[in-house]
Amino acid sequence: LLSLSGCNLLGEFPLNIFLLPRIQSIDLSYNEELVAFLPKFQYRSSLKKLHLRATNISGEFPNSVDSLGSLNVLDLSETNLFEELLNSISNLKSLNYLDLSSTKISGELPSSFSNLKSLNYLDLSNTNFSGELPNSIGNLKSLNYLNLESSNFSGAIPSFIGNLSQLTYLSLSYTNFHEAIPLILFTIPSLSRLYLDHNQLTGPLKFQNVSSSALYVLRLNENKLNESIPRSIANFTKLRSLYISSINLKGKVELNTFFEFKELKNLDLSGNKVLVSKAKINSTLPKFSALWLSSCNLLEFPAFLEAQNELQTLDLSNNTIEGNIPKWFWNVGKETLEYLNLSCNHLSKFEQPPVVLPWKNMHLLDLSSNMLQGSFPIPPLSTQYFFASKNKLTGSIPPMICKVHALEVLDVSNNQLTGQIPQCLLNLSNSLVVLAMKNNHFQGNLPETFKNECSLVTLDLNHNQIRGKIPRSLVKCRMLEVLNLGNNKLNDTFPFWLESLSELKILVLRANAFHGPIWEPNIRFGLSKLHVVDLSHNNFFGKLPSEYFQNWSAISNATSNDKSQPGYMENVSNYYKDSMTIVNKGVELELVKILTIFTAIDLSNNKFYGEIPDSMGNLKALIVLNLSSNNFTSHIPSSLGNLIELESLDLSRNSLFGEIPQQLTSLTFLEYLNFSQNQLFGPIPQGGQFLTFQSSSFDGNSGLCDFQLSKKCGNNEIPTSEMRHESSLGEGFGWKVVVIGYACGLVIGLLTGHVVTSRRTDWLVRNFGVNLRR
């Protein structure tokens with residue numbers, strides 16, 4: 001046995017190890033930098049187990065398999081193997097374990113796989129296999145584990161899978177199977193776990209002839225089964241986990257149907273808007289560990305919950321439960337509940353709430369998007385993620401919140417909370433990752449002291465009444481990505497020290513009383529990861545030299561973000577997604593989620609002057625640029641034509657002059673343009689997106705002309721300083737020049753008259769080479 005898994009091996013692996021005559025097992029997994037050239041075996045090897053997961057293997061593996069007749073286990077997952085290997089693997093007739101998951105193999109599964117008669121474990125998940133599932137799979141009678149999850153197999157689920165009588169685990173999740181579920185799947189006597197979720201399966205569910213009494217996990221969620229759940233589902237007497245969310249159930253569904261499963265622990269009915277909440281309560285109810293009943297048209301708290309004292313997960317979100325949270329609810333899973341989601345209901349208040357909400361092992365508590373009134377509730381002291389946003393909570397946040405020592409996310413945005421932000425919250429800064437308090441009425445100054453262990457990633461205090469300055473100790477929060485202090489009453493100069501926060505992506509200081517320049521020659525400001533900068537509606541002033549934007553590499557590199565699969569800015573395991581408000585395309589929009597590819601610069605409504613820097617044309621990933629309502633006095637830089645991702649451009653209400661650069665017609669994604677209230681002149685460029693913009697985009701520029709303005713362009717239509725300069729060149733001409741010009745005009749006039757009246761075109765052709773045509 002040789003096991004070197006996860007040893008960070010580098011370079012080439014010595015081939016003679018493979019050739020040791022008595023070695024039976026080699027495990028080189030998780031050595032991603034290891035180059036393993038598989039040798040040609042000169043004799044029959046005794047090797048039985050070969051684990052090469054997540055290694056950089058290559059070599060002539062297909063030529064060596066004939067000598068590996070004793071191989072039982074082959075793990076090639078997360079490697080770069082290709083289709084040529086498959087037929088060779090089919091010759092390993094002693095193989096009983098084969099893992100090809102997360103490889104780059106594509107195409108169809110070869111029919112030669114039917115040779116693997118001894119195979120009992122086959123994992124083809126996260127591969128690019130496509131087409132219908134081949135009949136060769138049905139010949140693998142010894143299989144007890146088959147995983148095809150997240151592959152590209154399609155068509156109907158073949159009925160021959162029902163012939164795999166030894167199967168205990170079958171996953172067809174996240175594939176492209178459609179049509180009805182073959183009933184034969186439910187007759188496999190040993191099948192204990194069946195995953196058919198996230199497909200396009202249709203038709204009614206039927207379990208009349210169920211003989212798979214061993215089934216204890218069944219996932220059917222996210223399909224199009226669009227029928228009611230038959231009572232025959234109770235034939236699965238040993239069912240422990242049932243997931244049937246979002247399958248478009250029809251008719252009424254009684255909860256009592258599911259209470260017949262005496263061993264049921266996990267039940268997911270979410271996303272089926274026909275669930276009837278009434279249920280009989282008796283001593284024989286199953287004791288649930290997890291219940292998902294979100295989006296089930298519940299009008300009240302299901303009474304059967306009162307008997308559930310072993311719950312660990314409870315999700316009642318996105319229903320229409322209204323009124324008070326009842327007193328008895330505090331005892332639901334009091335000792336066990338770890339996850340509770342009551343968000344997106346019509347809850348109004350707590351009924352006789354304790355000082356601290358009672359659950360002793362709470363991990364996540366979500367009360368957001370209700371109508372909760374009254375004072376701020378203190379979550380259980382074990383809570384890590386607490387969401388209470390979008391309610392009607394009033395009063396101040398009591399210091400008791402700081403006893404929740406494990407708190408990572410605190411989101412109380414969009415309430416009516418007042419008072420100062422508790423200084424003691426910063427004592428949690430070694431655990432606190434998100435502090436979101438926007439859209440409240442917090443007053444006073446920001447807490448002064450951030451700790452050295454500060455782990456804040458998001459600080460969002462937008463739309464409050466906070467005064468004073470940004471505390472310099474914030475620089476200790478080295479992981480900070482989002483700083484949103486917009487729409488407050490802060491009075492400070494530009495915080496150049498933010499340069500030390502190398503992870504900063506979102507900086508919003510809009511609508512405060514910030515003042516002074518945002519650039520100084522001796523201070524380099526250019527955070528390389530900045531995506532959004534909003535300094536609008538302040539009193540910033542000064543010039544913007546070209547050097548200012550040179551280091552904004554996240555906005556400069558148009559290929560730095562994956563646009564094919566953009567994600568959202570988020571923190572802490574998808575529990576919290578950042579949001580913000582920004583002016584985009586002339587409208588103030590709330591971005592409930594911020595795409596990782598979204599970029600914006602808003603410097604509008606300040607007092608910047610001078611030229612718009614040419615270097616702005618280097619910000620090729622920029623989507624929104626707003627420089628409106630400043631004092632810029634220059635031409636529009638033609639380099640802005642390089643902003644290939646730009647969708648919104650606002651340069652209105654400045655003192656810009658000159659012609660609109662023709663290069664801007666190359667901005668194929670441009671949807672919003674505002675050049676109004678400047679001193680621009682000349683023709684409006686024609687072509688590209690410019691053909692879609694209305695006259696309002698160019699109002700207040702008396703020198704502009706073209707069809708958008710119903711003003712034709714002519715030589716006397718452009719009263720510009722350049723035209724006046726050109727006309728002044730003639731002021732020094734004397735009378736001799738005038739006489740010469742008059743004489744030339746007289747000769748040409750007489751000549752033309754002679755030609756026209758006498759029609760002697762041959763004379764004109766002969767002497768001047770001119771061919772007159774009608």
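Two strands pair if DSSP finds at least two bridges between them. With that in hand, here are close-up views of a predicted model.

**View 1. Strands E42 and E48 run side by side in a four-stranded sheet.** Strand E42 covers residues 539-542 and strand E48 covers residues 607-610, and the two pair in the parallel sense over two bridges. Look for phenylalanine 541, which stands opposite lysine 607 in E48. The open sheet around them has four strands in the order E40-E42-E48-E50, with parallel pairing. Strand E40 (515-516) and strand E50 (631-632) stand at the edges with a single partner strand each, so one side of each has no neighbour in the sheet.

**View 2. Strands E29, E31 and E33 build a three-stranded sheet.** This is an open sheet with the order E29-E31-E33 and parallel pairing. Its edge strands are strand E29 (373-374) and E33, each of which pairs on one side only. E31 and E33 pair in the parallel sense over two bridges. Threonine 394 has glutamine 416, in E33, as its bridge partner.

**View 3. The disulfide of cysteine 402 and cysteine 424.** The sulfur atoms of cysteine 402 and cysteine 424 lie 1.8 Å apart and form a disulfide. This pair links distant parts of the chain, 22 residues apart: cysteine 402 sits in the loop between strand E31 (392-395) and strand E32 (409-411), and cysteine 424 in the loop between strand E33 (416-417) and strand E34 (434-436). The torsion about the S-S bond of cysteine 402 and cysteine 424 is about 70°, so this disulfide is right-handed. Is cysteine 402 buried or exposed? With a relative accessible area of 11%, cysteine 402 is buried, because buried means under 20%.

**View 4. The disulfide of cysteine 454 and cysteine 477.** Here a disulfide joins cysteine 454 to cysteine 477, with an S to S distance of 2.0 Å. Cysteine 454 lies in the loop between E34 and strand E35 (458-460) and cysteine 477 in the loop between strand E36 (467-468) and strand E37 (482-484), so the pair ties together parts that are 23 residues apart in sequence. The torsion about the S-S bond of cysteine 454 and cysteine 477 is about 95°, so the link is right-handed. Cysteine 454 is buried, at a relative accessible area of 6%, and cysteine 477 counts as buried at 0%.

**View 5. The disulfide of cysteine 705 and cysteine 713.** Cysteine 705 and cysteine 713 form a disulfide, and their sulfur atoms are 1.9 Å apart. With 110° about the S-S bond, the link of cysteine 705 and cysteine 713 is right-handed. How accessible is each partner? Cysteine 705 counts as buried at 1% relative accessibility, whereas cysteine 713 counts as partly exposed at 38%. Stepping back to the whole chain, the count comes to three disulfides. Numbering the bonded cysteines in sequence order gives the pairing 1-2, 3-4, 5-6.

**View 6. Serine 270 and its surroundings.** Serine 270 is found in the loop between strand E21 (266-268) and strand E22 (275-276). At 12% relative accessibility, serine 270 counts as buried. What does serine 270 contact, leaving aside its neighbours within four places in sequence? Serine 270 is in contact with Ser245, Ser246, Trp292, Leu293, Ser294 and Cys296. Take leucine 293 as one of these: serine 270 and leucine 293 are 23 residues apart in sequence, yet 4.6 Å apart in space, C-alpha to C-alpha. Cysteine 296 counts as buried, at 0% relative accessibility.

**View 7. The largest pocket and its lining.** The largest pocket has a volume of about 540 Å³. Of the 23 residues that line the largest pocket, Phe387, Ser389, Asp411, Tyr576 and Lys577 are the closest to its centre. Strand E26 (339-341), strand E28 (364-366) and strand E44 (576-577) each supply at least two residues of the lining. By class, the lining of the largest pocket has seven nonpolar, eight polar and eight charged residues.

Definitions and conventions. Residues are numbered from 1 along each chain as its sequence is written. This is a predicted model: local features need pLDDT of at least 70, side-chain atom pairs count only at pLDDT 80 or more; totals for chains, interfaces and linings use all residues. Side-chain values use heavy atoms; hydrogens and water are left out. On a 1 Å grid over the protein atoms alone, a cavity is a set of points where a 1.4 Å probe fits but cannot get out, and a pocket is an open set with protein on both sides within 12 Å along at least five of seven lines; lining residues have an atom within 4 Å of a point. Grid points are joined across faces, edges and corners, and a volume is the space filled by probe spheres set on the points. Ala, Val, Leu, Ile, Met, Phe, Trp, Tyr, Cys and Pro count as nonpolar, Asp, Glu, Lys and Arg as charged, and the others, Gly among them, as polar. A disulfide is a pair of cysteine sulfur atoms within 2.5 Å. Buried means under 20% relative accessible area, exposed over 50%, partly exposed in between (1.4 Å probe, protein chains only). Contact means heavy atoms within 4.5 Å.
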